[in-house]
Amino acid sequence: MTEQQAPQTPEEDVQAQTSPEQTEQDTVEVSSEQSVIDKLEAEIAQLRKQVAEQQDAMLRIKAEAENTKRRASQDVEKAHKFALEKFANDLLPVMDNLERALGFIDKDNETMNSVAEGVELTLKSFLDTVGKFGVQQLDPQGQPFNPEQHQAMSMMETADVAPNTVTFVMQKGYELNGRLLRPAMVGVSKAPASE
């Protein structure tokens, strides 16, 4: 009996029919396809990198636009809030003069009482009106000295009050919406020198 050969599979059949030249050509085609794949993968990687860079640039531009919008909004708010600053500064001497007038009126003189009352009402009305626009008077009499709002014109030794207390106000200060227009000119106490 002769040995029978096992039937070949289609792949083995194809391999048996393939010549060495064909195998070499298939290898060249596979390596050519691999190089195309490698080239495409490199291009994909490059495109992904470009997309990431563009997304980063877009986020930066968006953040800068938001910051610009926020700054512009703050500038407009400040412009509205402090637009009256020059005008308010020009009104300060008028308020000072009304207060000085009250200080010079003799309260004991019956004929001057109506004048004093009129000046007081005018000053109160004036302060109420400018107060509606954010102008506030600083009258620090008896308060602790605050160098951000007060300007010390003199120092006096006294044991009657704590050191660094405003003992008298030479000229009241004013602020506009929290921004100092003019510091209050004050006298400040200091501790008596020990002998």
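**Figure 1. A buried salt bridge between R182 and D96.** R182 is buried, and D96 is buried as well. In this predicted model, the two side chains meet in a salt bridge, with N and O 2.7 Å apart. R182 belongs to strand β5 (residues 179-182) and D96 to helix α3, so the bridge ties together parts that lie 86 residues apart in sequence. By the rule used here, the count of salt bridges comes to seven.

**Figure 2. The protein chain as a whole.** The chain has four helices and six strands. Along the sequence, these elements follow the pattern α-α-α-α-β-β-β-β-β-β. Of the 195 residues in the chain, 18% are buried. Among contacts with a separation of 6 or more, 64% are between residues 24 or more positions apart.

**Figure 3. Helices α3 and α4 and the crossing of their axes.** Two packed helices are described by the distance between their axes and the angle between them. Here helix α3 covers residues 85-104 and helix α4 covers residues 113-132. Their axes come within 9 Å and cross at roughly 150°. An angle over 145 degrees counts as roughly antiparallel, and α3 and α4 are therefore roughly antiparallel to each other. Their crossing is left-handed.

**Figure 4. The residues that meet between α3 and α4.** On the α3 side, the contact is made by L91, V94, M95, L98, E99, A101 and L102. On the α4 side, the residues are A116, V119, E120, T122, L123, F126, L127 and V130. The residues of this contact divide into 12 nonpolar, one polar and two charged.

Figure 5. K124 forms a salt bridge with D128, and the closest N and O atoms are 3.0 Å apart. Both residues lie in α4, four residues apart, which is about one turn of the helix. K124 is exposed, with a relative accessible area of 51%. D128 counts as partly exposed, at 41% relative accessibility.

Figure 6. K172 and D139 form a salt bridge in which the closest N and O atoms are 3.6 Å apart. K172 is in the loop between β3 (166-171) and β4 (173-176), while D139 is in the loop between β1 (135-138) and β2 (150-157), so the pair ties together parts that are 33 residues apart in sequence. D139 is partly exposed, with a relative accessible area of 39%. A network of salt bridges links E99, D139 and K172. E99 is also among the α3 residues that meet α4.

**Figure 7. Two asparagines with positive phi.** Most residues other than glycine have a negative phi. N164 is not a glycine, yet has a positive phi of about 65°. N164 lies in the loop between β2 and β3 and is partly exposed, with a relative accessible area of 45%. N177, also not a glycine, has a positive phi of about 50°. The place of N177 is the loop between β4 and β5, and N177 counts as partly exposed at 29% relative accessibility.

**Figure 8. Q149 and its contacts.** Q149 is found in the loop between β1 and β2. With a relative accessible area of 25%, Q149 is partly exposed. Neighbours within four places in sequence aside, Q149 is in contact with L138, E175, L180, P183 and A184. Q149 and R179 are 30 residues apart in sequence, and their C-alpha atoms are 9.7 Å apart in space.

**Figure 9. A191 after the strand β6.** A191 lies in the segment that follows β6 (184-190). At 43% relative accessibility, A191 counts as partly exposed. Setting aside neighbours within four places in sequence, A191 is in contact with E157, T158 and P163. The C-alpha atoms of A191 and M155 are 9.8 Å apart, and the two residues are 36 residues apart in sequence.

How values were computed
Residues are numbered from 1 along each chain as its sequence is written. This is a predicted model: local features need pLDDT of at least 70, side-chain atom pairs count only at pLDDT 80 or more; totals for chains, interfaces and linings use all residues. Side-chain values use heavy atoms; hydrogens and water are left out. Axes are lines fitted to C-alpha atoms, for helices over the stretch in contact, and angles run from 0 to 180 degrees between N-to-C directions. Angles under 35 degrees count as roughly parallel, over 145 as roughly antiparallel, 65 to 115 as roughly perpendicular and the rest as oblique. A crossing is left-handed if the near helix is turned anticlockwise from the far one by less than a right angle, and right-handed if clockwise. Contact means heavy atoms within 4.5 Å. Ala, Val, Leu, Ile, Met, Phe, Trp, Tyr, Cys and Pro count as nonpolar, Asp, Glu, Lys and Arg as charged, and the others, Gly among them, as polar. A salt bridge is a side-chain nitrogen of Lys or Arg within 4 Å of a carboxyl oxygen of Asp or Glu. Buried means under 20% relative accessible area, exposed over 50%, partly exposed in between (1.4 Å probe, protein chains only).
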